Amino acid sequence: MAVYWCTEVIPLAVTSLIPVVFFPLLGVQTAKKVCLQYLNNTNMLFFGGLIVAISVERWNLHKRIALRVLLILGVKPALLMLGFMVVTAFLSMWISNTATTAMMVPIVQAVLDQMDSTEHDMTMMEQGTGQTNTVIELGEKSTSESTAVNVVNNEQVPDDPRSSEEKKMKKHICKGMTLCVCYAASIGGTATLTGTGPNVVLKGQMNQLYPNNNDIVNFASWFGFAFPNMILMLVLAWLWLQCSFMGLNFKKSWGFGTEKTTKEKAAYDVLKEEMRKLGPLSYAELNVLILFVLLVVLWFSRNPGFVKGWASWLFPGGEKYITDSVPAVFVALLLFILPAHKPWNQSKSDTEQTEDTKKQFLSAPLLDWNVVQRKMPWSIVLLLGGGFALADASASSGLSAWLGHQMTPLGSIPPWAIATVISLIIAVFTECTSNVATATLFLPVFSSMATSVKIHPLYVMLPGTLSASFAFMLPVATPPNAIVFSYGHIRVLDMVKTGIVMNLIGVCCITLAINTWGRPVFGLDTFPAWANTTTNQ
């Protein structure tokens, strides 16, 4: 399965189905037990989270948030890049990295084109605005459409009479602005438990390999550890991209002591125009926003750790019965029940007398199952399931214990060095394979190693999980990179050169995180009793 996942001879999701056939045939586990892993508690958490994310996309709420933040932060080059990165990272925490990137890159493209056309010829500003707005529609679009738009814009470049120095600077800014989106999407996904596949894999593997772990990895504990790490990485990535593509000229990039230039005003107008097109906040958007906030609050307050959560207060034995998947599926259910329009205003304009009177009170729900079927990444659900089945069989067959025994010599190396080496290895490996597949393959091995050398399993599993999302170097490493690359502003070499430093930034941030605030959050200083018990069994 590892070889098939790495080489993608057959689709990743199809490879994930192999345990259903071969574990029963080889007498490793019963088919009944294997199949239970494909839609277990962790997969249901991911599934519920994805449905809420789809509803946010369905009503364009993510676009409204993006434009609002960009308008607040302003359009000076450095602040504009910061705005794009903050918005992309925040949205990636809740909806898929791919969807976030697909929405953000056309906005970046439109703003850059508007700034370019304004600078190119001030007298043609109005005409340029019209052209840009007709050619570029800021909806979510396919990669091929995006490339087509880009070709139209690129064909106009040879006629540009500006000096080669200005053209070079403009090209650098284009590269920086587009790269910052895909990098921020990958970094942002690490901050929440449902933000990206590898995080969900860690949660599932912990439950499989250490059934008595007292729910150590939940939404609140993960956020407490990963969110500060995301902020740190985002700031360092922003500074690195500034250095690489714009130079740290504070007066020019940040606009200290300067007024808005004409092209900055034009870019601001583009954002304002797009915000105007969205109109006022609709009833459906408001409902989705309220449900989204409700879900986040329920996740955080279920079992915060330092006080009793609602699971214990409201339901007897709730901490044992209720997991993070319960609020996720509860809010997902509400999306199919609550109306998308105000029922009492639904038929005011309806003059048809023959219409059934019942229809006056009916409204379509916030989410339709056909939309979910179309947008749900079912392959990821199967991929997670296959990984959980593999981990479960590795533990019950004794393979994990055997692997751990082989790694006992590593006990002579300091734990922080083991964690750093693991981060580097995974960061390189994930450039060539799927992030989820990388985490699925390596996490059981790391857990075995941790129990054999008597260190906390999360001390090595956390760096492995976060590093699986650090696919910064190649266009094929992750879908956000591929989307950005398809726009034609950057070459593979640009991505590799910038990505190497991004990987090093990521590894340094993780090493810092697990050796500082990660220790109290997960109790990484001790070897827990639940890890020892599992090994003995």
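A nonpolar core is a set of buried nonpolar-type residues, from Ala and Val to Tyr and Cys, joined through side-chain atoms within 4.5 Å. The model discussed here is predicted.

Q: Which residues touch the most other members of the largest nonpolar core?
A: Phe84, Met85, Met177, Met206, Phe446 and Leu458 do, in a core of 135 residues. Helix H13 (residues 219-245) gives the most to this core, with twelve residues.

Q: What does Leu458 touch, not counting residues up to four places away in sequence?
A: Leu458 touches Leu202, Met206, Ile216, Val217, Pro463, Phe522 and Leu524.

Q: Which residues does the second, separate core include?
A: Val34, Tyr38, Ala389 and Ala393 are among its five residues.

Q: Why are H25 and H27 called roughly antiparallel to each other?
A: The axes of H25 (residues 457-467) and H27 (residues 492-515) cross at roughly 150°. Angles over 145 degrees count as roughly antiparallel, and therefore the term applies to H25 and H27. The two axes come within 10 Å, and the crossing is right-handed.

Q: Which residues make the contact of H25 with H27?
A: H25 supplies Tyr459, Leu462, Pro463, Leu466 and Ser467, while H27 supplies Ile510, Ile514 and Asn515. Six of these residues are nonpolar, two are polar and none is charged.

Q: How do the axes of H5 and H19 cross?
A: The axes of H5 (residues 41-58) and H19 (residues 325-335) cross at roughly 35° and come within 8 Å. This crossing is left-handed. Gly48 and Gly49 of H5 and Ala328 of H19 are among the residues in contact. The contact divides into nine nonpolar, five polar and no charged residues; Gly counts as polar.

Notes:
Residues are numbered from 1 along each chain as its sequence is written. This is a predicted model: local features need pLDDT of at least 70, side-chain atom pairs count only at pLDDT 80 or more; totals for chains, interfaces and linings use all residues. Side-chain values use heavy atoms; hydrogens and water are left out. Axes are lines fitted to C-alpha atoms, for helices over the stretch in contact, and angles run from 0 to 180 degrees between N-to-C directions. Helices (H or I, at least four residues) and strands (E, at least two) are DSSP runs, numbered from the N terminus. Angles under 35 degrees count as roughly parallel, over 145 as roughly antiparallel, 65 to 115 as roughly perpendicular and the rest as oblique. A crossing is left-handed if the near helix is turned anticlockwise from the far one by less than a right angle, and right-handed if clockwise. Contact means heavy atoms within 4.5 Å. Buried means under 20% relative accessible area, exposed over 50%, partly exposed in between (1.4 Å probe, protein chains only).
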